[in-house]
Amino acid sequence: MNQSIFDAQVSFLPCVNCDDTEIETISLGRALVADTWRGKVEELRAEQDPAKQQALKDALPCFTPSGTFSHVSRAGLIKHSGFISVDIDYKPEKGINTALAGTDLKKIISAVPHVAYCGKSCRGAGYVLIIPIADPSKHREYFRALAYHFERAGLEIDRACKDISRKRFISWDESPYINTAAKPWAYTLPEREHTTRETLGRDLNASETAAKVEAVISACEANKWDITESYGDWVRLLSALASTFGESGRNYAHRISALYSGYDYNQTENKYNNLLKHPEYKTQIGTFFYIARTEIGKHDFDNIGL
C-alpha cells in the first residue's frame, strides 16, 4: 500500500469525546499541515499551568491517522489509511527520550526513508511521525518492529500507538518534515522463545517468577493494558502460564485474557485445557515477560517490581 499523506483519508472528530454522528472524513495531509487550528495549538503551548494546559489540549479536535471509522474502535474500522502514527514523547523528568534534549528530530529524520511526516506534538515538546506500511493487516506486527528499531536508536515510542483506532490531537508545526516518496515499512520481528535472563537480565526462582507474573498482571489490570490482542501472542502467553504453573496458572490466564474487549470465558478455558494436554507446545515464561514488555513498553515494564 503506497499513497501520499495528502491522498489518504482519516476520521476527524471535533472533540475527543464527540458523538459518532459528528465524525467527518478528511485527508491525512489536512489533519497534519492545515493552519486552521494554529491559534488553539499556540495557546496550548503558551500556557504554563498544567491543569489549564490539559483543559486546552482536551478541547482540541482529534483525528485517527490509521484510517476512517464508523466509531472509534478497532471494530469500527472502515478503511485503513496505510499509515502508522508514532509518538515520540519528551519527558526528561521520567527519563523518557532524554536523548532528544537540544535535538531537532526533524533535521535528522531525513536519513530514515520510511518517514512521510515528522512534526511537533500539540504540546510542542515531543514529535509525531507518520510512516506508511506495506500491508495494513500487519499493523501491530509492523508497530512492534518499529518500536524495537527505535529503541535500538535510543528512542522510546508510545506503545498506545499500536492501537489501530488511536486518536491523536490536532497539532501545528511551522516547518514539518514531509516526504511524499517515503518507502512503506515492511518489516516484522521473528517470533522465538525468550528466557528470563534475556528478557529481565537474570534468572528467577519459582517464587520470584510467580511474584513477577502477579505484578505484571496486576499492573495490566490497574492500567487496563491489553497485551493479548494479537491471537498469536495470546496463545503464547497462555502457553507460558500453562507450562510454568500448570493448573494453578488458570486464574492468571483468565485475568490476562479478560482485559481483551472480545474476552470469552469458554474460549479461554478450552484453550488453556488444550495447552495443558500438549506439553510439546510449551513456551518459556521468559516469553510471557518479553511479550508484556513489548506491549507495555520498556519504561513502564521495568518499573513493575517483583
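Is Asp302 buried, partly exposed or exposed? Asp302 counts as partly exposed, at 42% relative accessibility; buried means under 20% relative accessible area, exposed over 50%, and partly exposed in between, with a 1.4 Å probe and protein chains only.

This is a predicted model, in which local features need pLDDT of at least 70, side-chain atom pairs count only at pLDDT 80 or more, and totals for chains, interfaces and linings use all residues. Residues are numbered from 1 along each chain as its sequence is written, and side-chain values use heavy atoms, with hydrogens and water left out.

**Salt bridges**

A salt bridge is a side-chain nitrogen of Lys or Arg within 4 Å of a carboxyl oxygen of Asp or Glu. The count by this rule is 23 salt bridges. Three of them are listed here.

| Pair | Closest N to O distance |
|---|---|
| Arg293 and Asp302 | 4.0 Å |

Helices (H or I, at least four residues) and strands (E, at least two) are DSSP runs, numbered from the N terminus. Both Arg144 and Asp233 are buried. They also belong to a network of salt bridges that links Arg74, Arg140, Arg144, Lys162, Glu229, Asp233, Arg236 and Glu295.

**Pockets**

A pocket is defined on a 1 Å grid over the protein atoms alone, as an open set of points where a 1.4 Å probe fits, with protein on both sides within 12 Å along at least five of seven lines; its lining residues have an atom within 4 Å of a point. Grid points are joined across faces, edges and corners, and the volume is the space filled by probe spheres set on the points.

The largest pocket holds about 690 Å³ of space. Its lining has 30 residues, and those nearest the centre are Asp158, Arg159, Ala160, Trp225 and Ile296. Helix 11 (285-296) and helix 12 (298-302) are the elements that give two or more residues to this lining. By class, the lining has eight nonpolar, five polar and 17 charged residues. Here Ala, Val, Leu, Ile, Met, Phe, Trp, Tyr, Cys and Pro count as nonpolar, Asp, Glu, Lys and Arg as charged, and the others, Gly among them, as polar.

The second largest pocket holds about 540 Å³. It is lined by 22 residues, with Lys57, Asp89, Lys91, Ser121 and Arg123 closest to its centre. At least two lining residues come from each of helix 3 (50-58) and strand 9 (168-169). This lining comprises eight nonpolar, three polar and eleven charged residues.

**Two serines**

Ser66 sits in the loop between strand 3 (62-64) and strand 4 (67-69) and is buried, at 5% relative accessibility. A polar atom of the Ser66 side chain lies 2.8 Å from the backbone oxygen of Phe83. Beyond neighbours within four places in sequence, Ser66 has contacts (heavy atoms within 4.5 Å) that include Leu77, His80, Phe83, His139 and Ile164.

Ser218 lies in helix 7 (residues 206-223) and is partly exposed, with a relative accessible area of 28%. Ser218 and Ile256 are 38 residues apart in sequence, and their C-alpha atoms are 9.0 Å apart in space.

Key. A polar contact is a pair of N or O atoms within 3.5 Å; within protein, one must be able to donate a hydrogen and the other to accept it, and residues adjacent in sequence count only if both atoms are side-chain atoms.
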